[in-house]
Amino acid sequence: MASEAVAVKIQEGVAVDAVVPAASETSAQRKILLKSVEGEEFLVDELFARGSKMISNMIDDGFTEGAIPLPNVTAPVLSKVVEYWKHHVGKSETDKDAREFDRAFVKDASSSVLFDIIMAANYLDCKPLLDLACQAVADAIRDMNVEQVRGFFGITNDFTPEEEAAVLEENREWSNALTVTGNGQKESNEGGNIVLP
Amino acid sequence: MSFKSGGASRSLGHALSSRSSPPVHDGEPSVVVDDAQRSCWASMPPELLRDVLMRVEVEESSWPARKYVVACAGVCKSWRGVVKEIVMTPEVSGRLTLPISVKQPGPRNFPLQCFIRRNRTTRTYHLYLGLTQALTDSGKFLLAARKYRRPTCSEYIISLNADDMSKGSGTYIGKLRSNFFGTRFVVYDAQHPDSGVTISRSRPTRLVGSKQIAPRVPAGNYPVVHIAYELNVLGSRGPRRIQCIMNSIPASAVEPGGTAPTPTELSFSNLDSLPSMPFLGSKSSWTENVSGSLFAKEEMLVLKNKSPRWHDQLQCWCLNFRGRVTVASVKNFQLVASDSAGQEQDMVLLQFGKVGKDLFTMDYQYPISAFQAFGICLSSFDTKLACE
């Protein structure tokens with residue numbers, strides 16, 4: 001396997017000359033080159049890259065030369081995904097650092113970035129990340145009313161006027177004519193079995 | 001993210017583009033969204049949308065939080081389809097979510113516990129789904145009815161609106177009408193029990209939104225239950241006999257593998273605009289008997305009240321209400337399925353009884369719906385048979 005000198009952009013934005021390792025090196029040291037849709041290249045430890053089932057399968061199928069193209073993922077999103085892998089791959093599920101990372105990860109994410117992460121995690125087949133992002137969205141919309149959900153997702157109302165009227169009735173009356181305290185008056189249980197005196 | 005004041009734990013921070021704090025409260029204008037956001041979420045694949053909505057549904061499993069699941073169903077057509085798939089019918093999930101669930105059969109193996117509050121002054125009745133184990137502690141409102149006295153009969157208008165039970169109300173969904181003597185009643189459904197039946201998808205793994213066909217049935221008041229009260233052989237000294245013919249439910253529904261009609265979409269209508277339909281179904285499914293009454297060709301489910309047993313020591317008639325009824329009353333009853341040979345099944349499908357001065361419990365299960373159960377219970381209030 002001939003080695004080539006290529007310029008790669010690492011997370012921190014510093015371009016360095018790196019050598020693509022030969023395939024004969026151990027996987028612990030092996031790095032995989034990923035290319036975002038803009039053509040930016042990310043050199044990632046194989047261990048982390050296998051956080052994506054799709055990439056993992058490609059590696060196993062013998063894809064070792066050059067960069068793996070990811071035409072569905074932009075560079076900013078890919079960089080976030082790689083960050084996620086670094087904090088999760090090889091760690092146990094209950095790892096405290098990983099959970100702390102997750103909390104911060106979704107806390108500072110804008111809704112459009114969350115969307116991008118969902119789509120990327122889905123494409124790359126990285127279930128834990130997909131779960132994390134979907135749960136963050138679910139948590140966001142859980143307590144929203146109809147208008148707020150539409151606003152958050154930028155969804156247009158496509159109901160007919162009749163359907164919209166029914167929806168309004170549903171949300172105004174049905175949903176909100178809610179919890180009522182009974183009068184609490186419980187008479188003594190005469191065996192609970194009586195029909196007629 | 002929390003849009004309510006005081007919310008803290010789940011927070012997406014202030015990083016939503018083009019938004020700034022303060023948080024939006026319920027009812028305030030919606031979030032400002034830029035065009036990039038607007039287009040991207042609209043293209044989310046259905047299976048991912050389903051994943052997100054399922055998480056919401058699991059979290060908000062009981063009332064009052066369930067209203068947020070209802071909100072998701074009101075966002076747009078595709079969301080509504082996904083939510084309806086996820087929440088499933090009460091028969092399967094044991095939960096009431098969208099309003100149509102009051103017209104769908106209850107759970108198969110256990111009853112949904114509800115209570116009815118009567119207001120003698122306004123002649124209204126309110127049905128609630130019980131939210132706690134206590135008999136009538138707190139509940140989610142389901143249906144309301146108001147009694148109207150007419151020269152030849154009584155009529156109870158049933159509505160989804162707790163406050164508006166007028167005849168012109170847009171939330172009218174059915175009614176109960178009695179005969180002159182208060183011995184026979186008919187429950188009318190403002191929509192056909194099969195309306196909005198969903199056709200099954202041929203590709204179960206792909207979600208393309210519910211496809212619905214509205215069968216070509218005209219809007220009208222359809223008779224769905226015929227109720228008859230009779231004195232038993234002991235006259236007014238014994239418990240009365242109740243028979244309910246469930247016109248919309250086939251007798252096969254309570255047999256293994258049986259099913260009952262399950263409408264999928266509620267249509268609101270105005271009572272004044274609905275004609276009365278003489279019978280359910282097409283003319284060909286009915287036949288006239290010798291006295292000119294109409295009978296459906298396919299056997300309909302018949303319910304009868306479980307006969308109480310005479311308790312010598314207590315000197316009264318007894319039924320086992322399992323603690324759900326605590327006050328003796330002639331109104332109390334349990335209904336079971338009865339076949340053409342008069343054989344009664346064991347499973348109690350509807351139970352109704354008094355627990356307080358104007359408070360009653362109502363427990364119902366498959367194949368009966370909350371709406372039908374409510375109608376039957378209302379007749380128990382009205383019937384003049386036997387003194388209390």
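Trainee: At what angle do helix 5 and helix 6 of chain A pack?

Mentor: Helix 5 (residues 111-124) and helix 6 (residues 127-141) of chain A pack at about 150°, and their axes are 8 Å apart. Axes are lines fitted to C-alpha atoms, for helices over the stretch in contact, with angles from 0 to 180 degrees between N-to-C directions. So helix 5 of chain A is roughly antiparallel to helix 6 of chain A (over 145 degrees; under 35 is roughly parallel, 65 to 115 roughly perpendicular, the rest oblique).

Trainee: Which residues of helix 5 of chain A touch helix 6 of chain A?

Mentor: A:Leu114, A:Ile117, A:Ile118, A:Ala121 and A:Asn122 do, and their partners in helix 6 of chain A include A:Leu129, A:Ala133 and A:Val137. Contact means heavy atoms within 4.5 Å. Of the residues in the contact of helix 5 of chain A with helix 6 of chain A, ten are nonpolar, one is polar and none is charged (Ala, Val, Leu, Ile, Met, Phe, Trp, Tyr, Cys and Pro count as nonpolar, Asp, Glu, Lys and Arg as charged, the others, Gly among them, as polar).

Trainee: Before I go on, how should I read this model?

Mentor: Residues are numbered from 1 along each chain as its sequence is written, with chains lettered from A and ligands numbered from 1 in the order written. It is a predicted model, where local features need pLDDT of at least 70, side-chain atom pairs count only at pLDDT 80 or more, and totals for chains, interfaces and linings use all residues, while side-chain values use heavy atoms, leaving out hydrogens and water.

Trainee: Nice. What does helix 6 of chain A do with helix 2 of chain B?

Mentor: The axes of helix 6 of chain A and helix 2 (residues 46-59) of chain B come within 8 Å and cross at roughly 55°. The two helices are therefore oblique to each other. Among the residues making the contact are A:Asp131 and A:Ile141 of helix 6 of chain A, and B:Asp51 and B:Arg55 of helix 2 of chain B. By class, the contact of helix 6 of chain A with helix 2 of chain B has nine nonpolar, one polar and three charged residues.

Trainee: Changing topic: what order do the three strands take in the open sheet of chain A?

Mentor: The order is 4-3-5, with mixed pairing. Strand 4 (41-45) and strand 5 (67-69) of chain A are the edges, each pairing on one side only. Two strands pair if DSSP finds at least two bridges between them. Strand 3 (residues 31-35) and strand 5 of chain A run parallel, joined by three bridges, and A:Leu34 stands opposite A:Ile68.

Trainee: And what pLDDT does chain B average?

Mentor: Chain B averages 78, and 73% of its residues score at least 70. Residues 1-33 of chain B are below 50, and pLDDT stays under 50 over residues 197-216 of chain B too. Where pLDDT is low, the predicted coordinates should not be read in detail.

Conventions. Helices (H or I, at least four residues) and strands (E, at least two) are DSSP runs, numbered from the N terminus. pLDDT is the predictor's confidence in each residue, from 0 to 100.
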